Amino acid sequence: GAVLEAGGSGFEGVIKTTVLLRDMADYPKVNAIYAKFFTGKAPARAAYAVAGLPKDGRIEIECVAVQSKGKRNADAEERAAKRGKTE
């Protein structure tokens with residue numbers, strides 16, 4: 001959640017995830033935990049078995065998220081201010 005928040009989003013802004021599993025036998029357990037974070041309409045998801053992960057990890061999840069409207073507006077205003085313009 002911290003990385004999403006730093007980018008101006010949150011779990012509700014996630015639109016796609018890619019789940020990498022070292023062992024597909026872990027999929028049911030991962031799915032149960034995943035459901036705790038995505039309680040409404042879940043984002044699109046792809047899951048793959050991989051031969052290995054960095055630091056001998058068992059799972060890696062990549063997320064694509066959109067920024068909240070308020071964050072997008074604040075970012076646009078900041079960019080405009082840097083250019084000396086208002087939007």
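**View 1. The lining of the largest pocket by residue class.** By class, 15 nonpolar, three polar and three charged residues form the lining of the largest pocket. Ala, Val, Leu, Ile, Met, Phe, Trp, Tyr, Cys and Pro count here as nonpolar, Asp, Glu, Lys and Arg as charged, and the others, Gly among them, as polar. The model is predicted: local features need pLDDT of at least 70, side-chain atom pairs count only at pLDDT 80 or more, and totals for chains, interfaces and linings use all residues. Residues are numbered from 1 along each chain as its sequence is written, and side-chain values use heavy atoms, with hydrogens and water left out.

**View 2. The centre of the largest pocket.** The lining has 21 residues. Nearest the centre lie Phe11, Phe37, Phe38, Ile61 and Cys63. The space in this pocket is about 410 Å³. A pocket is an open set of points on a 1 Å grid over the protein atoms alone, where a 1.4 Å probe fits, with protein on both sides within 12 Å along at least five of seven lines; lining residues have an atom within 4 Å of a point. Points are joined across faces, edges and corners, and the volume is the space filled by probe spheres set on them. Helix 1 (2-6), helix 2 (27-37) and strand 3 (59-65) each give the lining at least two residues.

**View 3. The whole chain.** Three helices and three strands make up its elements. Their order from the N terminus is α-β-α-β-β-α. Helices (H or I, at least four residues) and strands (E, at least two) are DSSP runs, numbered from the N terminus. Of the 87 residues, 24% are buried. Buried means under 20% relative accessible area, exposed over 50%, and partly exposed in between (1.4 Å probe, protein chains only). Among contacts with a separation of 6 or more, 77% join residues 24 or more positions apart. A contact has heavy atoms within 4.5 Å.

View 4. Val66 sits in the loop between strand 3 and helix 3 (69-83). Val66 counts as partly exposed because its relative accessibility is 42%. Beyond its neighbours within four places in sequence, Val66 contacts Ser9, Gly13 and Ile15. Leu4 is 62 residues away from Val66 in sequence, yet their C-alpha atoms are 9.2 Å apart.

View 5. The loop between strand 1 (14-21) and helix 2 holds Asp26. With 17% relative accessibility, Asp26 counts as buried. Asp26 touches Leu21 and Arg58, leaving out residues up to four places away in sequence.
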